[in-house]
Amino acid sequence: MNAWTEGFLDGIKPEQPLTVSQWADEYRILSSKASAEPGKFRTDRTPYLKEPMDCLSTESPIQRVVMMFAAQTGKTECMNNWLGYCVAHAPGPMLLVQPTVEMAKRLSKQRLESMLQETPCLAEKIAPARSRDSGNTMMQKEFPGGMMLLTGGNSATGLRSTPCRYIGLDEVDAFPGDVDGEGDPCALAEKRATTFARRKVLLTSTPTVRDFSRIETEYLRSDQRKYFVPCPHCGAFEYLKWPQLKWQKGDASSVEYECEHCGERFSEIHKSTILRKGEWRATSKGDGRTAGFHLSGLYSPLGWFSWEEMAGEWLRAKGDAPALKTFINTRLSETWEENYVSKISAEGLMKRVEPYLPGVIPNDVLILTMGVDVQGGGGTEGQRLSVSIWGWSTGEEAWLCDHQTLAGDPHQGEVWKALDVLLTSDWVKEDGTKMKIEVTCIDSGGLATMPVYQYCRERQALGVVPVKGASTRGKPPIGKGSRQDINFKGKTLKKGVSLYMVGTDTIKDCLMGRLKHNVKNEDGSSPGYMHFHAQTDESYFRELTSEQQILKTNRSGFNVPTWIKKAGVPSERLDELVYAYAGLNLLYQRHPRAKIWEIYTKKLLNSVINTQQKRVSSKKSGKSPDYVNSW
């Protein structure tokens, strides 16, 4: 038989029955460069991956596979096994899409190259990238019968060219909402497979924001499969749920799972057995062509991410909304409700008022900061300084200590004299200890910029700084100061005022999340908890909840959470809180964050000792002691 005939017969030879999981167990080699467990791939190490992989096999009638998986559960290796299977067993044109082109390049370099070279049957199909005319580049891999193209969800050009039988869409929740004005990148990519009757589309991701999560939307359209495992005690099947994980108060090492059927508890040592006996069960009818799989971090195999680690991470995260969001998305594989204010009403917050008085500092407070919002420009109506003083303690537990409105034109001196009274006063704690305000952040972004600069310039020694909200999302709570004063030659003055940019969105994400989610921990600690004094009224809370967060499409086409103001509701008290928190973060630039609470505990103690010494000295001399600010 000559080569032409042999080649022709190979081309018309039907594919031998083989599933992705069978191929992976037989041929796939995990590289030490990309895996913590290098060597032969074993499906029984992650039994829950078998069914999703086999739905991607050519023999399966399923066309679309949706994997809403937690981190460290193996979804990336599932995709890699499918890619290897297609190259070696069922070749055809394929497209692999990452959120951005840069991420696609990173995947190609770190994951695909090692897989292709470490797995012998794949190395035979695709020549090394360094070989001349190999057809193997970073963004394109050619092999007999097909090719693999890589691109980013932010590249319309890469999404709308060559027709492809196989489409892999990885981390789809990080894709832009619209790419180059041509529409949804997932829809653009899937259109490339419409001419193939035996097409396969894989969508994977950890979920993000409820109602805006692509992977959640796709999963809800599917047959919604969950992985049911048997209880080691009663044998009843259930899918693992986070509320059923139990541990002794504050002790994550005692964690066990409580069966919802018999009530018995079992430890993680049983996980390998129950995973092998588990089975996927559809919980919805679906469309008949889309198989959806949801898996939380509770299923992570023994030796990967443990229940103890998960419980510990939860205990650390529950006091901090940003960390809690990450936990819910990446560990529980569930969506996060971003609109905090929808669940935070002025009426609801009134229940959190506590029986301490404004102007009297609770004993636990270690640091005082002040936020000042400036209202009014050229006219006289509504001209004022709106002020809030917040106390802070370990874990950023916070107390509203006082809030006042100082009427007056910011371009005149009288209103600033009134602010001086608050700035230089002794603030007395319940136990009689006196404190000073450490940092005061004043809004300079309005119509009174120059008066704000002048006031701050003259009081830098008292920790007074001008601030302005950053226009770009994702900025740190407070940035590095930049000199604003210049001389007639255009050079900055050494003693000129420094303006600090404030990441208002970042701070609002954090603080509004705390308002919704903060509770006292099992060990009695309250990191991030926000307290309000007895005279905090409903109008204050209405201003505190005066903004809500929605997702808006930015210029790059990405859906980004954006804070918008409610119509007709002032937002001064919210702004003051943002500035006061920015002031706390300014102290982090000047002291080690891990030791700052210890530093200020000692500082307060020294202040008490010095005050007592001055009192003794003043009695002898008949003079009144003067306060010296230590900024």
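The briefing below moves from the whole chain to a sheet and the helices lying across it.

This is a predicted model, in which local features need pLDDT of at least 70 and side-chain atom pairs count only at pLDDT 80 or more, while totals for chains, interfaces and linings use all residues. Residues are numbered from 1 along each chain as its sequence is written, and side-chain values use heavy atoms, with hydrogens and water left out.

**Whole chain**
- The chain has 19 helices and 28 strands, taken as DSSP runs (H or I of at least four residues for helices, E of at least two for strands) and numbered from the N terminus.
- Of the 631 residues, 51% are buried, meaning under 20% relative accessible area with a 1.4 Å probe and protein chains only.
- Among contacts (heavy atoms within 4.5 Å) with a separation of 6 or more, 70% are between residues 24 or more positions apart.

**Sheet**
- Eight strands form an open sheet of mixed pairing in the order S24-S25-S23-S22-S17-S18-S19-S26, where two strands pair if DSSP finds at least two bridges between them.
- Strand S24 (482-483) and strand S26 (530-531) stand at the edges with a single partner strand each, so one side of each has no neighbour in the sheet.
- Strands S22 (residues 439-443) and S23 (residues 464-469) run parallel and are joined by four bridges, and Ile442 stands opposite Pro466 in S23.

**Helices across the strands**
- Helix H14 (residues 414-424) lies across S17, S18, S19, S22 and S23, at about 155 degrees to S19, with angles running from 0 to 180 degrees between N-to-C directions of axes fitted to C-alpha atoms, for helices over the stretch in contact.
- Helix H18 (residues 572-588) lies across strands including S17, S25 and S26, and runs at about 135 degrees to S17.

How values were computed
Buried < 20%, exposed > 50% of the residue type's maximum accessible area, 1.4 Å probe, protein only.
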